[in-house]
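Please open the model in a viewer and keep the selection panel at hand. The stops below proceed from one selection to the next.

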Amino acid sequence: MEGRPPRTILVAGAGIGGLTAALAFAERGFRVEIFERVERFEAVGAGIQLSPNATRILGTLGVLGRLAVTAAAPEAVVLKDGKSLKELARVPLGKAAETRWKAPYLVAHRADLHTALLARASEHPGIRLHSGSTVAGISFENDAVAAMVEPDGRQEKVTGALLIAADGVWSGLRHFVKGSRDSRPTGTMAWRTLVETASPAGRGLVSLAPTNRVTAFLNPALHMVVYPLRGGTALNLVALTKGEAGAGSWTNTTDTTPLAHAMRGFARPLADLAEAAKPWTAWPIHTVDPNGPWTDPRGLALVGDAAHAMTPFAAQGAAMAIEDASALAALVAGAPNELPAALARYEAIRRPRIRRVVRRGVFNHFTWHVSGPVALARNLVLAARSPDRLAADFDWLYGWKTGDEADLTRRRM
Ligand SMILES: Cc1cc2nc3c(=O)[nH]c(=O)nc-3n(C[C@H](O)[C@H](O)[C@H](O)COP(=O)(O)OP(=O)(O)OC[C@H]3O[C@@H](n4cnc5c(N)ncnc54)[C@H](O)[C@@H]3O)c2cc1C
């Protein structure tokens with residue numbers, strides 16, 4: 001792995017952002033060495049919503065076809081009052097989403113998205129994936145960046161033109177960007193479980209949250225989002241409550257008392273069904289202030305959660321990692337001999353968008369958890385809006401395109 005090939009990109013982390021970056025650079029003719037600390041990938045997490053701004057990019061990178069085999073395209077997002085179970089609003093998706101935003105809105109298991117990205121990266125001649133290889137340090141040498149990689153307890157130095165740190169919310173590499181911000185707990189806990197639709201709890205839940213849609217139940221103490229996975233044979237439940245405990249892993253089996261307590265605000269059948277849908281796992285939500293620096297002009301860029309982990313209230317964390325990766329590759333490929341300028345442009349272009357998405361998450365958090373007269377006002381405003389008008393609110397978000405996606409699409413045809 002020694003040497004300093006001129007157009008080699010190093011990527012730390014083979015998660016959603018890292019694999020997308022590897023593909024986006026390799027598609028533009030770069031050689032990519034991608035390092036992942038885990039030896040073997042496990043099916044961690046549960047469902048993920050993939051909005052058209054993300055699926056459009058996955059399409060240009062040849063990932064969408066694979067994903068479509070297991071993903072579902074819900075017909076709508078439906079907001080319901082968690083207490084009365086009354087429908088508050090409906091945003092049409094399905095064919096309407098494809099027509100409006102020119103790419104599908106999908107729900108998938110996170111592991112299926114990861115497998116699709118991994119399969120495409122593994123077959124790409126420009127990408128070499130090194131699993132069981134932690135990037136432990138970074139240094140800058142003349143016009144190259146060096147990564148200290150630790151495979152099998154050994155240490156190796158690998159050099160390239162640019163290192164992309166895609167090592168997630170708990171990033172250890174973010175600190176190599178001077179002035180970068182630490183991740184912080186938000187006081188919100190995300191709870192997840194999967195329910196077989198054929199089980200008694202699953203059958204009951206399907207009657208409240210049918211498998212052809214994303215259903216969000218709103219309540220002041222928590223909101224719960226339900227959508228189908230794996231061909232509708234399972235339902236993914238995500239609930240967000242106040243709470244701090246637990247380490248950063250979905251594999252925690254945690255005391256669910258706070259969840260059960262928050263569920264008391266739901267209608268009885270919904271609370272009982274959700275309670276029966278065990279085992280729940282918990283994940284404390286941490287965020288990273290998006291105003292910190294993301295790059296070092298000598299050849300380092302943060303993407304995804306490492307740069308700007310956000311709350312899941314807009315369901316956009318993975319989508320933003322995908323957008324980051326695509327935008328970064330387009331900018332660096334557009335000015336290969338002007339890396340510092342390309343990195344500065346990456347921050348300048350991405351930051352306003354990330355800030356706006358973060359603001360949308362804050363807005364959703366507020367409006368979904370209000371109570372009393374404010375909730376009443378929210379419900380009236382939602383009821384007054386047509387589905388088309390509600391969909392139009394998402395044009396800025398779901399209609400986004402990387403500058404040169406059209407160029408990549410042309411090259412694939
Ligand atoms: C409850 C919840 C629901 C969500 N729902 C959605 C949703 O519906 N839609 C959406 O778009 N987003 C959603 N997200 C957000 C999304 O999961 C994340 O934003 C996304 O996974 C971030 O991708 P990433 O590539 O930045 O990091 P990750 O996917 O976390 O990948 C980081 C990778 O880096 C590896 N790594 C770490 N350190 C090193 C190192 N030193 N060397 C080598 N490898 C290393 C890790 O092992 C891992 O594989 C949700 C998040 C939560 C918590």
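Two residues are in contact here if their C-beta atoms, placed from the backbone, lie within 7 Å. The model is a predicted one.

**Stop 1**

Select Ala 22 first. Leaving aside residues up to four places away in sequence, Ala 22 touches Val 11, Val 32, Ile 34, Ala 121 and Ile 127. The buried residues include Ile 16, Leu 19, Leu 23 and Phe 25. Now display what surrounds them: the buried residues of α1 pack against β1 (8-12), β2 (31-35), α5 (110-123), β7 (127-130), β11 (162-165) and α10.

**Stop 2**

Select the strands on which the helix rests. α1 lies across β1, β2, β7 and β11, and runs at about 170 degrees to β2. These strands belong to an open sheet of 6 strands, ordered β7-β2-β1-β11-β18-β17, in which the pairing is mixed. Its edge strands are β7 and β17 (295-296), each of which pairs on one side only. Within the sheet, β1 and β2 run parallel and are joined by 5 bridges.

**Stop 3: the nonpolar core**

Which residues of the largest nonpolar core touch the most other members? In this core of 133 residues, they are Val 11, Ala 12, Ala 21, Ala 22, Ile 164 and Val 303. The element that gives the most to the core is α10, with 12 residues.

Next, select Ala 147, which lies in strand β9 (residues 144-151). Ala 147 counts as buried because it has 26 C-beta neighbours inside 10 Å, the threshold being 20 or more. Beyond residues up to four places away in sequence, Ala 147 touches Leu 10, Ala 12, Val 135, Ile 138, Val 158 and Leu 163. For a distance to display, take the C-alpha atoms of Ala 147 and Ser 180: they are 33 residues apart along the chain and separated by 19 Å.

**Stop 4: the shell around the ligand**

Select the ligand and display its surroundings. The ligand is surrounded by 34 residues, the closest of which are Gly 13, Gly 15, Gly 168, Gly 304 and Gly 317. By class, the shell comprises 19 nonpolar, 11 polar and 4 charged residues. Which of the elements gives the most? It is α10, with 4 residues.

Between α9 and α10, select Ala 315, which is found in the loop joining this pair. Phi of Ala 315 is near 50 degrees, a positive value in a residue other than glycine. Ala 315 is buried, with 22 other C-beta atoms within 10 Å.

**Stop 5: the seven-stranded sheet**

Move to the open sheet of 7 strands, which has the order β5-β4-β13-β14-β15-β12-β16 and mixed pairing. β5 and β16 stand at its edges with a single partner strand each, so one side of each is left without a neighbour in the sheet. On average, neighbouring strands of this sheet are turned by 20 degrees against each other, direction ignored. Helix α6 (residues 200-208) packs on the sheet, where it touches β12 (183-196), β14 and β15, and its direction makes about 105 degrees with that of β12.

Select β14 (residues 223-229) and β15 (residues 234-242): these strands run antiparallel and are joined by 7 bridges. Val 226 stands opposite Leu 237 in β15.

**Stop 6: the β4-β5 hairpin**

Finally, select β4 (residues 76-81) and β5 (residues 87-92), which pair in the antiparallel sense over 5 bridges. Lys 80 stands opposite Glu 87 in β5. The two strands form a hairpin with 5 residues between them. In that loop lies Leu 85, which has a positive phi of about 65 degrees although it is not a glycine. Is Leu 85 buried, partly exposed or exposed? Leu 85 counts as partly exposed, with 14 C-beta neighbours inside 10 Å.

Terms used:
Residues numbered from 1 in each chain as written. Predicted model: local features only at pLDDT ≥ 70, side-chain atom pairs only at ≥ 80, totals over all residues. Near = placed C-beta within 6 Å. Nonpolar A, V, L, I, M, F, W, Y, C, P; charged D, E, K, R; others polar. Buried ≥ 20, exposed ≤ 12 C-beta atoms within 10 Å, placed from the backbone. Pairing = 2+ DSSP bridges. Axes fitted to C-alpha atoms, helices over the stretch in contact; angles between N-to-C directions. Core = buried A, V, L, I, M, F, W, Y, C linked by C-beta atoms within 7 Å.
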